[in-house]
Amino acid sequence: MTRLAGTALRVTIFVGESDLWHHKPVYAEIVHRARAAGLGGASVFRGIEGYGASSLIHTHRLLSLSEDLPVAVVIVDAGAKIRAFLPQLDELVEEGLVILDDCEVIRYVGRDRTAGRPGALGTGAGETGETGETAE
C-alpha cells in the first residue's frame, strides 16, 4: 500500500477524450502507466465543455459539431515520483496541457482489499491474510 502524507505534487493532464495512443485512449494509458509506476492514484474527469490551444470549443451539447470532450487526469504523489513520471507524459501527450501544482495531502486512505472475503482475517496491523502478506 502506498503511504502519502504532507507535501506532494499534483500533476494534471488535459487531453481530448478522443486522443489515442496505439488505438487506446490516452487518458487510459496514462492511468495504467501511473499504476505501473507505483504512483499513489490517478483519477480521470470528463469535462462538459472547454477549449485549448486550438481555440476550438468542445461541448456536450446536442447541436455541437465536436464530440471530443476535454478530459483531465489528476495524479498526486511525492514530488520525486511525479517528476520521474513526467517523461512518460511527454511521450503520451501530443496535444494538450500538463501542469504541476504543489499540494498538501491531508488524508489518503485506501479500501481494505481483504474485508468481506471468505476466510479473510481482520484488518489489524501486522495480521497476515491468505497470501501471507502483512496487512498495513
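Let's start with Asp77, which sits in strand β7. Strands here are DSSP E runs of at least two residues, helices are H or I runs of at least four, and both are numbered from the N terminus. This is a predicted model: local features need pLDDT of at least 70, side-chain atom pairs count only at pLDDT 80 or more, and totals for chains, interfaces and linings use all residues. Residues are numbered from 1 along each chain as its sequence is written, and side-chain values use heavy atoms, with hydrogens and water left out.

Is Asp77 buried or exposed? Buried, at 2% relative accessible area. The cut-offs: buried is under 20%, exposed is over 50%, partly exposed is in between, with a 1.4 Å probe and protein chains only. The Asp77 side chain reaches the backbone nitrogen of Gly40 at 2.6 Å. Asp77 also forms a salt bridge with Lys81, closest N and O atoms 3.5 Å apart. A salt bridge means a side-chain nitrogen of Lys or Arg within 4 Å of a carboxyl oxygen of Asp or Glu. Lys81 is partly exposed, at 33%.

Now the other salt bridges. How many does a search of the whole structure find? Six. One of them pairs Glu17 with Arg46, at 2.7 Å between the closest N and O atoms. Glu17 is in the loop between β1 and β2, and Arg46 is in strand β4, so this pair ties together parts 29 residues apart in sequence. Glu17 is partly exposed at 21%; Arg46 is exposed at 57%.

Next, Glu91 and Arg33. Their closest N and O atoms are 3.0 Å apart. Glu91 is in helix α2 and Arg33 in helix α1, 58 residues apart. Arg33 is buried at 16%. Glu91 is partly exposed at 40%.

On to helix α1. Its buried residues are Val26, Ala28, Glu29, Ile30, Arg33 and Ala34. They pack against β1, β2, β3, β4, β7 and α2. Just after α1, Gly38 takes a positive phi of about 80°.

Last, the core. A nonpolar core is a set of buried Ala, Val, Leu, Ile, Met, Phe, Trp, Tyr and Cys residues joined through side-chain atoms within 4.5 Å. Which of the 17 residues in the largest one touch the most other members? Ile13, Ile30, Ile75 and Phe85. The elements giving two or more residues to this core are β1, α1, β7 and α2.

Technical notes: Contact means heavy atoms within 4.5 Å. A polar contact is a pair of N or O atoms within 3.5 Å; within protein, one must be able to donate a hydrogen and the other to accept it, and residues adjacent in sequence count only if both atoms are side-chain atoms.
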